[in-house]
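Open the model in your viewer and keep the sequence panel beside it. Have a selection tool ready.

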Amino acid sequence: AGVSNAQLVKEKAHIATVFKEKSVAEQNSVVLAWERLMDPRFEALRRCIYSEPSELERFRALVVNNVLATDIFDKELQAL
């Protein structure tokens, strides 16, 4: 199991500051996953996901929104 967002904020972890104490673990996961997807080794996979810049933008928005939605303690997300 990982460290909760509340704990990261409480400990003043660097990533808590980077992500302005909001959905810290989730945002970090998106960054790490996106960096991995953009690795040259995954070019063929990327070609299967998108072929136009607009498709890439849409795919990224879907990834971000879905991962951030897993932050069950974010009151703003719960209101949606």
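The tour below goes from the whole chain to single residues.

**Before you start**

This is a predicted model: local features need pLDDT of at least 70, side-chain atom pairs count only at pLDDT 80 or more, and totals for chains, interfaces and linings use all residues. Residues are numbered from 1 along each chain as its sequence is written, and side-chain values use heavy atoms, with hydrogens and water left out.

**Stop 1: the whole chain**

Show the protein chain as a cartoon. You will find six helices and zero strands. From the N terminus the order is α-α-α-α-α-α. Helices (H or I, at least four residues) and strands (E, at least two) are DSSP runs, numbered from the N terminus.

Now turn to the overall dimensions. Along the principal axes, the C-alpha atoms fill a box of roughly 40 × 30 × 20 Å.

Switch to a surface. The accessible surface comes to about 6200 Å², with 58% of it belonging to carbon and sulfur atoms. Areas come from the Shrake-Rupley method with a 1.4 Å probe; for residues, only the protein chains shown count as cover. Of the 80 residues, 19% count as buried. Buried means under 20% relative accessible area, exposed over 50%, and partly exposed in between (1.4 Å probe, protein chains only).

**Stop 2: the aromatic pair**

Which residues form the aromatic pair? Select Trp 34 and Phe 59. The structure holds one aromatic pair, and Trp 34 and Phe 59 form it, tilted, at 6.0 Å centre to centre with 35° between the planes. Rings of Phe, Tyr and Trp (its six-membered ring) pair if their centres lie within 6.5 Å; planes under 30 degrees apart count as stacked, over 60 as edge-to-face and the rest as tilted.

The pair links distant parts of the chain, 25 residues apart: Trp 34 is in helix α3 (residues 24-37), and Phe 59 is in helix α5 (residues 53-68). Trp 34 counts as buried, at 14% relative accessibility. Phe 59 is partly exposed, at 25%.

**Stop 3: two positive phi angles**

Most residues other than glycine have a negative phi. Select Lys 12, in the loop between α1 (5-10) and α2 (14-18). Lys 12 is not a glycine, yet its phi is positive, about 55°. Lys 12 counts as exposed, at 69% relative accessibility.

Next, select Ser 23, in the loop between α2 and α3. Phi of Ser 23 is also positive, near 45°. Is Ser 23 buried or exposed? Ser 23 is buried, with a relative accessible area of 6%.

**Stop 4: around Asn 5**

Asn 5 is buried, at 15% relative accessible area. Leaving aside neighbours within four places in sequence, Asn 5 is in contact with Ser 23, Val 24, Ala 25, Glu 26 and Asp 71. Contact means heavy atoms within 4.5 Å.

**Stop 5: Ile 72**

Finish at Ile 72, in the loop between α5 and α6 (75-78). Ile 72 counts as exposed, at 56% relative accessibility. Draw a C-alpha to C-alpha distance from Ile 72 to Leu 62: the two are ten residues apart in sequence and 18 Å apart in space.
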